Amino acid sequence: MLKRDHGDRFLNEFLEFIQKPVPMISSKPAELERQIRPSGGNRTAREFSKKSNKAMRTITRTIFSVLLSALLLQVGLSASAQRLSVPAIEAQPGEQTELVVSLEEATAMTALQLTLHLPEGVAAESGSIATGVATTGHTLKVEELTNGDLLVFLYSMDLSPFADGELLRIPVAIGSEATGGRGSLYNVRMSTPDAVSHRLDRVEYTVTVAAAIKGDVNMDGHVDVGDIMAIINVMAGQPGQLNVTAADVNMDGQTDVGDIMAVINIMAGGGK
Ligand SMILES: [Ca+2]
Ligand SMILES: [Ca+2]
């Protein structure tokens, strides 16, 4: 909350940029000019190119304003319909899981900015955040704020709209000491292609961290020979999807034959 102004920066820059339509309108005529006049050209070609540039600009402008009117109408009808959702997470300590941010009832939005707050003991690596199926060539920008929250900005230079569905997939690591709690997406703003920005409701989600069963290294809910195999895999440096923290059953800081003995003891004691 303290970094509110900083948090608005990306979207504000984007809004400023898309409100200057000149570079976008002139990009195609420039390409056309290059095609007509590949190596300098003559006077006639230049004049033709000038004329077609002008015609192209007029056409583009007309299309652009028709498009804008259509968008404005749509936005006016259901400006506050779109919302973000994040399903609750249930995980065990030491587990790697994913936080999924989805968009519902999208109304021609091309940019999204939000700040992600994770519960204590839950961490996300900014570089591993991926875009979901509801994006179409959108660019992702992530920055870690001084309070540890992540500023996430998703935008399209082609002004393509988002579809309904998954916008972001955020891999998160549940710390070995994590007890779960509430996380949130706050300072959520979206923008239409014509730079109308909307503030969306804050989204809260819960992370429930189930206490792992001691000795249940492969996390199937039982302590049995499968967990001994799992420890051997961890010892062999092939942890796969295993809970590496849980593999240190006797909690002496390393995974070795002592942990296999510990699992045998747990099995002999009736799973306690
Ligand atoms: Ca098990
Ligand atoms: Ca150990």
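Here are a few exercises on this predicted model, each with a worked solution.

**Exercise 1. Get your bearings: how many helices and strands does the protein chain have, and what share of its residues is buried?**

Solution. Start with the secondary structure: the chain comes to 7 helices and 12 strands. Next, burial: of the 272 residues, 30% are buried. Finally, look at the contacts with a separation of 6 or more: 70% of these link residues 24 or more positions apart.

**Exercise 2. Take strand β8 (residues 150–155) and work out which strands pair with it, and in which sense.**

Solution. Step one: go to strand β4 (residues 111–117), which is joined to β8 by 6 bridges and runs antiparallel to it.

Step three: check burial. In β8, 5 of the 6 residues are buried, so the strand is largely enclosed by the rest of the structure.

**Exercise 3. Find the largest nonpolar core and say which residues have the most contacts inside it.**

Solution. Count first: this core has 37 residues. The ones with the most contacts inside it are Ala111, Leu112, Val152, Leu154, Leu167 and Val172. Now zoom in on Leu112: skip its neighbours within four places in sequence, and you're left with contacts to Leu154, Leu167 and Met190. There's also a second, separate core of 11 residues, with Ala230, Ala247, Val249 and Val263 among them.

**Exercise 4. Are helices α5 (residues 225–235) and α7 (residues 257–268) roughly parallel or antiparallel?**

Solution. Look at the axes: they come within 10 Å and cross at roughly 170°. Anything over 145 degrees counts as roughly antiparallel, so α5 is roughly antiparallel to α7. Then list who meets whom: α5 brings Asp227, Ile228 and Ile231, while α7 brings Asp259, Ile260 and Val263. Sorted by class, the contact has 4 nonpolar, no polar and 2 charged residues.

**Exercise 5. Which strands pair with β12 (residues 203–209), and how does each one run relative to it?**

Solution. Ala91 has Val209 as its bridge partner in β12. Then take strand β10 (residues 180–191), which pairs with β12 over 6 bridges in the antiparallel sense. One of the bridges puts Gly180 with Thr208 of β12.

Conventions: Residues numbered from 1 in each chain as written. Chains lettered and ligands numbered in written order. Predicted model: local features only at pLDDT ≥ 70, side-chain atom pairs only at ≥ 80, totals over all residues. Axes fitted to C-alpha atoms, helices over the stretch in contact; angles between N-to-C directions. Helix = DSSP H or I, 4+ residues; strand = E, 2+ residues; numbered from the N terminus. Parallel < 35°, antiparallel > 145°, perpendicular 65-115°, else oblique. Contact = placed C-beta atoms within 7 Å. Nonpolar A, V, L, I, M, F, W, Y, C, P; charged D, E, K, R; others polar. Core = buried A, V, L, I, M, F, W, Y, C linked by C-beta atoms within 7 Å. Buried ≥ 20, exposed ≤ 12 C-beta atoms within 10 Å, placed from the backbone. Pairing = 2+ DSSP bridges.
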